[in-house]
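Look at the model first, then read on.

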Amino acid sequence: MFRCFLARVREWVSVADPEERIDGSGEAIVSPQHRRSLEAEWELKRLSEYAEDRNREQ
């Protein structure tokens with residue numbers, strides 16, 4: 001029963017014609033939500049570095 005289910009999933013997922021496949025750059029696909037959070041992390045890091053620099057100046 002599990003083998004039958006697995007075979008059906010493989011048929012459903014597989015691409016019959018390799019020409020129909022979409023070629024990509026190989027980079028990971030990141031969701032917009034994750035990209036925003038990554039950009040927010042970079043901005044927070046930048047701001048914390050700026051704050052540290054300001055503290056050193058004083």
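A salt bridge here is a side-chain nitrogen of Lys or Arg within 4 Å of a carboxyl oxygen of Asp or Glu. The model is predicted.

| Salt bridge | N to O distance |
|---|---|
| Glu 43 and Arg 46 | 2.5 Å |
| Asp 53 and Arg 56 | 3.3 Å |
| Glu 52 and Arg 56 | 3.8 Å |

Take Glu 43 and Arg 46. They sit three residues apart in helix α2 (residues 32-57), so about one helical turn separates them. Glu 43 is partly exposed, at 35% relative accessible area. Arg 46 is also partly exposed, at 44%.

Next comes a network. Salt bridges link Glu 52, Asp 53 and Arg 56. Within α2, Arg 56 is four residues from Glu 52, about one helical turn. Asp 53 and Arg 56 are three residues apart in that helix, again about one turn. Arg 56 counts as exposed because its relative accessibility is 61%, and the cut-off is over 50%. Glu 52 has 43% and is partly exposed. Asp 53, at 38%, is partly exposed too.

Now turn to helix α1. How many of its 12 residues are buried? The count is zero, so α1 is hardly covered, buried meaning under 20% relative accessible area.

Phe 2, Phe 5, Leu 6, Val 9, Trp 12 and Val 13 make a nonpolar surface patch of about 690 Å². Trp 12 lies in α1 (residues 2-13). Trp 12 counts as exposed, with 74% relative accessibility.

Notes. Residues are numbered from 1 along each chain as its sequence is written. This is a predicted model: local features need pLDDT of at least 70, side-chain atom pairs count only at pLDDT 80 or more; totals for chains, interfaces and linings use all residues. Side-chain values use heavy atoms; hydrogens and water are left out. Patches are made of residues with over 30% relative accessible area and no salt bridge: like charges are joined within 9 Å, nonpolar side chains (Val, Leu, Ile, Met, Phe, Trp, Tyr) within 5 Å. Accessible areas come from the Shrake-Rupley method with a 1.4 Å probe; for residues, only the protein chains shown count as cover. Helices (H or I, at least four residues) and strands (E, at least two) are DSSP runs, numbered from the N terminus. Buried means under 20% relative accessible area, exposed over 50%, partly exposed in between (1.4 Å probe, protein chains only).
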